[in-house]
Amino acid sequence: MKKTFEDKGSSNFAEGEKVRITKDGRVKLPVSLEKEQEVLFIQTEGGYRLIPLLTDVKRVYIEVTTKCNFSCITCIRSSWQDELAHMEVETFETIVENLKELPELESVHFGGFGEPLMHPGIFDMIRAVKGLGLKVEMITNGSYLCEETIQKLIDLELDVLFTSLDSPEAEEYNQIRPGGDFQDVFYNVKNLQAMKQEQKVQKPELGIEFVAMKKNYARLPKLIKMAWELNASKVIVSNLLPYHESMKDEIVYDIDDTGCLFGHESLLTSIRAHMSNMKLRTERNCKFVKDKSLCINYKGNVSPCYAFMHTYQCYIYGRKKQMYPYYLGNINEEKLQNIWMDSGYVNFRKTVDENHFPSCTDCKFQDGCNYTESNEMDCWANSPSCSDCLWARQIIACP
């Protein structure tokens, strides 16, 4: 039986019900006044709590495709269970219409688990979002950055273009990214910067993303120097999340990162790059929740973060884990603002933001615990579970 809360002069409200609160702090029905704010009423250990229901999404990640022309050894496709396909034009058009109804939205990032420049409508997509007055970012493997494409991105005033460069050395890069060619990608990125300089424009700003593993970690200072010489505005260093057993021993996020990891180059490395943690720390901080972000996959399914977008397997400190998607709704069936303010999604964000979930990663009862085998549920009854999330531990990073 649901417990109820009674306010003087008002009706009883069931736990989980959407109610209204006036400016003087009174919960009241019926709703008729302009100054009233819709809130979510929930029960807590100490009593009750009211959470304002606000359409305060600030950042949206859009996965326009799951196709890619590379076969990187670090890729989620190593354990992929979803199809390779482009987002339908009608789905994207629906997204754009929904973005117009998010009053606090600031930026859109074209990314996810595919190469955005493979989508035949990507330039129209960028143009449509830029037309809303939003900051637009995109991540690419760099292989499609021919002169014509670069010029289109300049003309569209794309704000930031992230390029994945997992090594400054051709042979190593090509081993990590089969299907790609370091010389081609490096030339394309260099040409991007040259064309911007020639045309006296600043956009798109260049960002570099580097996935650290045993194969390439020693070359990180050289990569950062290369990024500096390319006049990149930012460098993001993420750790590897192994998606295949062959990669589970490649992780480097178990080293002591309190000293000088790169000798006399350590200071320069830390200043010029956004470094992920290289060792497990106590703090947990979900970038997606803190930034008020959500993700939309190629089918229009809405997830709270990258980790919940698809079905796949990964390895956490060598321990195999089955990951299932967590969809709050689909953009083709429900308005984005309604999905965002759904009571289940609001409660999920509250739980994550306040770290009301266990830490499986360093739990002393981890061995033999069935909860660690998937993200379906944890021992605190959260479903799905964020208890093994390395993004929250700032070990894995993304733009």
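What is the volume of the largest pocket?

1. The largest pocket has a volume of about 440 Å³. A pocket here is an open set of points on a 1 Å grid over the protein atoms alone, where a 1.4 Å probe fits, with protein on both sides within 12 Å along at least five of seven lines; lining residues have an atom within 4 Å of a point. The volume is the space filled by probe spheres set on the points, joined across faces, edges and corners.

2. This is a predicted model, in which local features need pLDDT of at least 70 and side-chain atom pairs pLDDT 80 or more, while totals for chains, interfaces and linings use all residues. Residues are numbered from 1 along each chain as its sequence is written, and side-chain values use heavy atoms, without hydrogens and water.

3. Lining the largest pocket are 22 residues, with Asn347, Lys350, Thr351, His356 and Asn382 nearest its centre. Helix H10 (343-353) and strand E4 (37-44) each give two or more residues, and H10 has the largest share, six residues. Helices (H or I, at least four residues) and strands (E, at least two) are DSSP runs, numbered from the N terminus.

4. The second largest pocket holds about 370 Å³. Its 15 lining residues include Ile51, Asp56, Lys292, Arg349 and Lys350, the closest to its centre. H10 again has the largest share, here four residues.

5. Strand E6 (residues 59-62) pairs in the parallel sense with E7 (residues 107-110) over four bridges; pairing requires at least two DSSP bridges. Ile62 is opposite Phe110 in E7. Four bridges also join E6 to the parallel strand E13 (residues 293-296), where Leu294 is the partner of Val60.
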